Amino acid sequence: MAVELKFDPTDPVFLRVRDIAMAFPDAQQKTSVGHATWFTRKVFLWWGMAHKVDGVWTQEPYSIAVQLPEDERLAVLEAGGYVPGYIGPFGWVGIRLDEGTDWEEIAELIEESFRMTAGKRLIAELDARSAS
């Protein structure tokens, strides 16, 4: 039984997120339970995760989920982020993307998530890229 895709692979917002994610060393994309994910040895970014609002699942089609240090995670939640279903209890936080999205901040948050999940070699490669 095939799982229905929960994203449009041609959507410009999706493609912008994809471009950011794929720029990291050894980044790859796969589909997991219908959602696009980006990973190296572990997933560092999810696209469009749902969450419960008053006990009802609410889809967030234009959103990402990242792993962040606890202080940053709490700041994102205070600024309107959400706890995505299933992965939220493991430290993931959801961020909605809309017309007012600060793409520089989104890129920084995705980088932070990459750093929390990537191995030392990939982090060193990213740091070497940034230094040049």
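## Briefing on a predicted protein chain

Read along the sequence, the protein chain runs through the pattern α-β-β-β-β-β-β-α-β-α-α, which amounts to four helices and seven strands; here helices (H or I, at least four residues) and strands (E, at least two) are DSSP runs, numbered from the N terminus. This is a predicted model, in which local features need pLDDT of at least 70 and side-chain atom pairs count only at pLDDT 80 or more, while totals for chains, interfaces and linings use all residues. Residues are numbered from 1 along each chain as its sequence is written, and side-chain values use heavy atoms, with hydrogens and water left out.

**Overall dimensions and surface**

- The radius of gyration of the protein chain is 14 Å, which agrees with the value near 14 Å that a compact globule of 132 residues would have; the radius is taken over C-alpha atoms, and the globule rule is 2.2 Å times the number of residues to the power 0.38.
- Taken along the principal axes, the box filled by the C-alpha atoms of the protein chain is roughly 45 × 35 × 30 Å.
- Of the 132 residues, 44% count as buried, where buried means under 20% relative accessible area, exposed means over 50%, and partly exposed lies in between (1.4 Å probe, protein chains only).
- The accessible surface of the protein chain comes to about 7500 Å², and 54% of this surface belongs to carbon and sulfur atoms; the areas come from the Shrake-Rupley method with a 1.4 Å probe, and for residues only the protein chains shown count as cover.

**Contacts and charges along the chain**

- Among contacts between residues at least 6 apart in sequence, 52% join residues at least 24 apart, a contact being heavy atoms within 4.5 Å.

**Aromatic rings**

- Rings of Phe, Tyr and Trp (its six-membered ring) pair if their centres lie within 6.5 Å, with planes under 30 degrees apart counted as stacked, over 60 as edge-to-face and the rest as tilted; by this rule there are eight aromatic pairs.
- One of these is the edge-to-face pair of Phe24 and Phe44, with 5.8 Å from centre to centre and 80 degrees between the planes.
- This pair links distant parts of the chain, since Phe24 sits in the loop between helix 1 (12-22) and strand 1 (28-32) and Phe44 in strand 3 (residues 43-47), 20 residues apart; both Phe24 and Phe44 are buried.
- Trp57 and Tyr86 form a stacked pair, because their ring centres are 5.3 Å apart and their planes are at 15 degrees.
- Trp57 belongs to strand 5 (residues 56-58) and Tyr86 to the loop between helix 2 (70-78) and strand 7 (92-96), so that this pair too links distant parts of the chain, 29 residues apart.
- Trp57 is partly exposed, with a relative accessible area of 42%, and Tyr86 counts as exposed at 66%.
- Phe7, Phe14, Trp38, Trp47 and Tyr62 form one aromatic cluster.

- His35 lies in strand 2 (residues 35-39) and counts as buried at 6% relative accessibility; leaving out residues up to four places away in sequence, His35 touches Lys6, Phe7, Lys30, Trp46, Trp47, Gly48, Met49 and Gln59.
- Arg73, in helix 2, counts as buried at 12% relative accessibility, and beyond its neighbours within four places in sequence Arg73 is in contact with Leu68, Val83, Gly88, Gly91, Trp92 and Val93.
- Thr101 is found in the loop between strand 7 and helix 3 (103-117) and is buried, with a relative accessible area of 14%; not counting residues up to four places away in sequence, Thr101 touches Arg96 and Ile106.

- Asp26, in the loop between helix 1 and strand 1, has a positive phi near 60 degrees although the residue is other than glycine, and Asp26 is partly exposed, with a relative accessible area of 42%.
- Asp54, in the loop between strand 4 (51-53) and strand 5, likewise is not a glycine and has a positive phi of about 50 degrees; Asp54 is exposed, with a relative accessible area of 79%.
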